[in-house]
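Hi everyone, thanks for coming. I have one structure to show you today, so let me put it up on the screen.

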Amino acid sequence: MDIKVWMYLVYLAVSIGLTVWVARTLARNGLVFLEEVFSDERLARAVNNLLVVGFYLLNLGYVTVAMRHSEPIESTSEAMEELSWKIGLVLLVLGALHFFNVFTLNRYRKSRLRQLATAPPLPPAGFLPMQQPHPAGFRPMQQPHPAAAPGQRPAHPAAPPPANPPANTPTHPPAPPR
């Protein structure tokens, strides 16, 4: 038998074996994740079975399409190199499919958890204290009147009129130096 035929047979055996092993492992361990995502055991099993079937179809379809090698193979080392290349691509496709499934299901799970969340994420830390009455003689500060000039505070309506300015306050601006 030709080396190329042996290479194809080994490629198919390894690729199909890897596909079956990965699909069973993901189905067995992924069921727990799906039950948490969907919170319904029956729905989780159904989705798990559909994912396994889709996984088989996609991966085995890729294995058969990628099996073809148009150049002649003349030595065992060339066959091993081509075989490792093809099996490596199969493993990359398996990993990519697994990542895509987990990513999609995790996004769905987060979306569902956000929809189900009705309570605030944290309980209240406490309550504000009751306002105490003002002590005797306390007067709240008055806000400046909008008509007051900038930098001036209008007189309080109940305040006495301003007294004469202090003696050291200039009454006119200083003269410029000569």
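At what angle do helix α2 and helix α3 pack, and how far apart are their axes? Just so we all have it in mind, this is a predicted model. Helix α2 covers residues 41-65 and helix α3 covers residues 76-116; the angle is about 150°, and the axes lie 10 Å apart. An angle over 145° counts as roughly antiparallel, so that is how α2 and α3 run relative to each other. The crossing of α2 past α3 is right-handed.

Now, who makes the contact? On the α2 side, please look for Leu-51, Phe-55, Leu-58, Asn-59, Tyr-62 and Val-63. Facing them from α3 are Leu-89, Val-90, Val-93, Leu-94, Leu-97, Asn-101 and Leu-105. By type, the residues of this contact come out as 11 nonpolar and 2 polar, with no charged ones.

Let's turn to helix α1, residues 3-38, where you will find Ser-15. Is Ser-15 buried or exposed? Its relative accessible area is 0%, and anything under 20% counts as buried, so Ser-15 is buried. Setting aside residues up to four places away in sequence, Ser-15 touches Val-63, Ile-87 and Val-90.

Most residues other than glycine have a negative phi. Ser-39, though not a glycine, has a positive phi of about 50°.

Technical notes:
Residues are numbered from 1 along each chain as its sequence is written. This is a predicted model: local features need pLDDT of at least 70, side-chain atom pairs count only at pLDDT 80 or more; totals for chains, interfaces and linings use all residues. Side-chain values use heavy atoms; hydrogens and water are left out. Axes are lines fitted to C-alpha atoms, for helices over the stretch in contact, and angles run from 0 to 180 degrees between N-to-C directions. Helices (H or I, at least four residues) and strands (E, at least two) are DSSP runs, numbered from the N terminus. Angles under 35 degrees count as roughly parallel, over 145 as roughly antiparallel, 65 to 115 as roughly perpendicular and the rest as oblique. A crossing is left-handed if the near helix is turned anticlockwise from the far one by less than a right angle, and right-handed if clockwise. Contact means heavy atoms within 4.5 Å. Ala, Val, Leu, Ile, Met, Phe, Trp, Tyr, Cys and Pro count as nonpolar, Asp, Glu, Lys and Arg as charged, and the others, Gly among them, as polar. Buried means under 20% relative accessible area, exposed over 50%, partly exposed in between (1.4 Å probe, protein chains only).
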